[in-house]
Amino acid sequence: MQFQQLQYFVAVAETRHFTRAAELVHVAQPSLSQQIKSLERELGADLFLRARGNITLTDAGEALLPLARRILADADTARHEVQELAQLRSGRVRLGATPSVCTGLLPDVLRAFHDRYPGIRLLIEEGGSHDLVRELARGALDLALVVLPLPTPSPALTTVELLREDLVVVSSPESPAPGGGRTVRIPDLEGARMVMFRYGYDLRELTVAACRAEGFEPDFAVEGGEMDAVLGFVRSGLGLAVVPRMVATRSGRGLRVTPLAPPGLHRTIALAHRSDVAPPRAARELQRMLLERCPVTGWG
């Protein structure tokens, strides 16, 4: 089995077309087809069902695809690791993070990292913890900042708690204060018009679960936004939202910030990477900086 054959196989699997796959990997279509057939002979199984205008994976192809993607991703990581120059003068870090972490925690840390290592490219992918875990597992990310507990615990990942932080309620200063006082309880949110994040947001699931634990369903004035959109809707007076304290601290202009009464709501942010592959040097340096700057209790 050759590395090039796996590249061709993944290209066909993703395009479902031999000619387009050949264009993608810059090889003549007959050569690509020949290499795929050679791979099938070596494995002793057909990888594709070939019909005019319709290319689909066989069971063997479905089984091989995630493994081939991981092998290619690992090889790509190894190539970048070897190509890094001394003293971290070049390279890249592929970092995934939830949108609220991108808004609140990362700007200062990434600025410090970039100032120290200006030759390192920072590739940031935003997503929910579930999506980030999947991207880590298939080798598309070096590190990810995720919310614990993970939606689907994975023994293939190593996680280190980075920080625990409070959640707070943000509202428009022109609207009545939630709870009518200096703090607000979860039951006080019953009947309140809320601005809610889209599905897949960890904050959405946490807030909805807290309301249901108190015996009521939250009332959404608007839902489906990302962090910046949610904060904008709250500023306009559409409703209130539950957000991390560090987001409210950084983006709180034009917002009333009200703490939740004890025991409140909290979340734990962890730094995750694959257990079977060490992150590249640049990623390990970013990992070190994050751990230094974010003591676990720093935002509680």
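Me: Are helix 1 and helix 3 roughly parallel or roughly perpendicular to each other?

Reply: This is a predicted model, in which local features need pLDDT of at least 70, side-chain atom pairs count only at pLDDT 80 or more, and totals for chains, interfaces and linings use all residues. Residues are numbered from 1 along each chain as its sequence is written, and side-chain values use heavy atoms, with hydrogens and water left out. The axes of helix 1 and helix 3 (residues 29-43) come within 9 Å and cross at roughly 105°, where axes are lines fitted to C-alpha atoms, for helices over the stretch in contact, and angles run from 0 to 180 degrees between N-to-C directions. Given that angles under 35 degrees count as roughly parallel, over 145 as roughly antiparallel, 65 to 115 as roughly perpendicular and the rest as oblique, helix 1 and helix 3 are therefore roughly perpendicular.

Me: How many nonpolar residues are in the contact of helix 1 with helix 3?

Reply: Helix 1 brings Gln5, Tyr8, Phe9 and Val12 against Leu32, Gln35, Ile36, Ser38, Leu39 and Glu42 of helix 3; contact means heavy atoms within 4.5 Å, and helices (H or I, at least four residues) and strands (E, at least two) are DSSP runs, numbered from the N terminus. Ala, Val, Leu, Ile, Met, Phe, Trp, Tyr, Cys and Pro count as nonpolar, Asp, Glu, Lys and Arg as charged, and the others, Gly among them, as polar. The contact has 1 charged and 3 polar residues, and the nonpolar ones number 6.

Me: How is helix 6 set relative to helix 11, oblique or roughly parallel?

Reply: The axes of helix 6 (residues 106-116) and helix 11 (residues 281-293) come within 10 Å and cross at roughly 130°. That angle makes helix 6, relative to helix 11, oblique.

Me: What is the volume of the second largest pocket?

Reply: A pocket is an open set of points on a 1 Å grid over the protein atoms alone, with protein on both sides within 12 Å along at least five of seven lines, while a cavity is a set where a 1.4 Å probe fits but cannot get out; lining residues have an atom within 4 Å of a point. Grid points are joined across faces, edges and corners, and a volume is the space filled by probe spheres set on the points. For the second largest pocket this volume is about 200 Å³.

Me: Which helix gives the largest share of the lining of the second largest pocket?

Reply: The lining includes Phe3, Gln7, Arg69 and Asp76. Helix 1 (3-15) and helix 4 (59-83) each supply at least two residues of it. The largest share, 5 residues, comes from helix 1.

Me: How much space lies in the largest cavity?

Reply: The whole structure has 3 cavities of 30 Å³ or more. Asp74, Arg94 and Arg274 are among the residues that line the largest, and its lining has 5 nonpolar, 2 polar and 4 charged residues. The space in the largest cavity is about 100 Å³.

Me: Which residue does a cis peptide bond join to Leu148?

Reply: Most peptide bonds are trans. Here omega is about -5°, and the loop concerned runs between strand 5 (143-148) and strand 6 (157-171). The residue joined to Leu148 is Pro149.
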